[in-house]
Amino acid sequence: MKVFSAEHVMLTALTVAILTLTAPAVWGQTTSFGAYDPRQAEVLWNEATRLQNTGQHLEAVEKLKRAGHISRINEGLNARSQLPYLRAEIASLRALDELATADERQVYLSRIEAATIPSGPEKVDALLAQAEWHQYALLQSIDETEESTLRMARVWNFFRRALNEAIATYGASSVKLLPALEGMVRAQYLLAAHRGVGAAMPGQMDRDKRNQAAGKSSFKRGLPVMVAIQALNRDTLGGSRETQADDLIRMGDWAWWTGNRRAALDYYNDALALANGAVLASDDADADADADADADADADADIDMTFADKSKKEPDVDVAVAGSSLGALALANAEPVQALAAGLQEPHQDSVDNESGTRTLAAGAALATQTADKESHQSHLQTDLHPKFRILDRPVPLPAVPGLDPVLAIKQDQPNERDLIVSFNVSANGKAVNVEVIQGPEAENSRGPERVIRRLRKMRFRPVFKDGVPAESDTITWAVEASQWGSSQPANVTSSGGSNAT
């Protein structure tokens, strides 16, 4: 029998302890847990998170797949516990530019979410995330033409469902409705572009085909969403005059984008009036209602004297919308967002232009347009009643919509000798003119800098306004990194020089 000394035993124990501490965590856990022990999924999750943080997404995907497999074995095919693994796997696949595989996993994720997540805030967030994925996939042009039509329908449907769920969860007067509504605005830009309306969009979407005849119908189709945002901000959330001006500019941008110049100028001029301290016709209607409330309070001592002040801050939605210049979505005495949710139908899965799928929407848009024509753009009765602020004093690339990347992204650092540098002006019509190449580096591959020039010419800008009318901007200088204009990704752009550079 072999006898070990006490020193040898201590040294062996110390060696084992050091090896245990320095080995990867998964080794020690694997020897302790069974292959399908639920605790093993947590170990794999921790390892995958570490790998993602260091950019090792391929390795992270494998561990996340194993974690999801363990989850399904222990809890069933529709196990809720696999949701974080699926979402993280999709994030890594997206980082690897494996968009087709990510799309397949996204479809599976949607099915699990539908089966396991009850109504409430988590459901709203899940629907919004699904819509954002399909928006991204559409912009990256991963589908053939027929599939892109179906993708467009999914974008709209998920945002619409998110709005309905948000109304059921938070009520029709909550600021938490805005993410879904803003997503629906993005969906309308995507739908317009899909139909050949508008100009260059972010991502890789092909914008060579144009359908000028569809501009008016696209404008009417999208207007109710923006009217609903304006009504929610102004009449329910008590948005500032700056917010109200932004909402009018949003509608102006939409009209400008879809080729409805007259309507765009009306919205822009109303926004300018607000910025110059004016009271619009709709504001006067609200002020008259407040004055009537004050008179009633004076006549009847039993009426709460704070009513008039309260009504000014929190006006009744139905009354305010009915008297509003852009409140035509308060259909059947419903609150504006409720009416929107009821009126916006899902695009048909075979065709986003299917008449039966958009009949109610078109009717609501027509009503909104008629009301806007009659009431919205009346003369401003008083001026200088409010502090002034500056708007529309520089050109802005469209679509200027939260959640959509710019058509040409901005580079933050200074240009160098290898960059493409161009100067141009934005015309009163919102197009890049007088384009001049200041520095034109040689192309390193088949994708030369001229593709950036072509994209710039296809862009649509919100023009500068001078004395209330669109005008040509000062000279703008943009620099584009060679690594960007030579790649398949959208070019990265920085502005330099010119006081109005965007």
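## A pair of helices

The axes of α10 and α11 come within 10 Å and cross at roughly 180 degrees; axes here are lines fitted to C-alpha atoms, for helices over the stretch in contact, with angles running from 0 to 180 degrees between N-to-C directions. The two helices α10 and α11 are therefore roughly antiparallel to each other, a label for angles over 145 degrees. Helices (H or I, at least four residues) and strands (E, at least two) are DSSP runs, numbered from the N terminus.

On the α10 side, the residues that meet α11 include F219, L223, M226 and R234; their partners in α11 include L248, R250, M251 and W254. Contact means heavy atoms within 4.5 Å. By class, this contact of α10 with α11 has 9 nonpolar, 6 polar and 3 charged residues. Nonpolar covers Ala, Val, Leu, Ile, Met, Phe, Trp, Tyr, Cys and Pro, charged covers Asp, Glu, Lys and Arg, and the others, Gly among them, are polar.

## About the model

This is a predicted model, in which local features need pLDDT of at least 70 and side-chain atom pairs count only at pLDDT 80 or more, while totals for chains, interfaces and linings use all residues. Residues are numbered from 1 along each chain as its sequence is written, and side-chain values use heavy atoms, with hydrogens and water left out.

## The chain as a whole

The protein chain has 19 helices and 9 strands.

## Nonpolar cores

The largest nonpolar core has 67 residues, and L181, M201, W257 and I391 have the most contacts inside it. Among the elements giving two or more residues to this core are α8 (145-170), α10 (215-236) and α11 (241-257), while α9 gives the most, with 11 residues. Apart from it lies another core, of 17 residues, including L420 and F461. Such a core is a set of buried Ala, Val, Leu, Ile, Met, Phe, Trp, Tyr and Cys residues joined through side-chain atoms within 4.5 Å.

Helix α6 (residues 99-116) has 18 residues, which should span 26 Å at 1.5 Å a residue; its end C-alpha atoms are 25 Å apart, which agrees. The expected span is 1.5 Å times one less than the number of residues. Among the buried residues of α6 are D103, Y108 and E113, and its buried residues pack against α4 (57-75), α5 (83-95), α7 and α8.

A409 lies in strand β2 (residues 409-410). At 28% relative accessibility, A409 counts as partly exposed. Its C-alpha atom is separated by 8.8 Å from that of P202, 207 residues apart along the chain.

Key: Buried < 20%, exposed > 50% of the residue type's maximum accessible area, 1.4 Å probe, protein only. Parallel < 35°, antiparallel > 145°, perpendicular 65-115°, else oblique.
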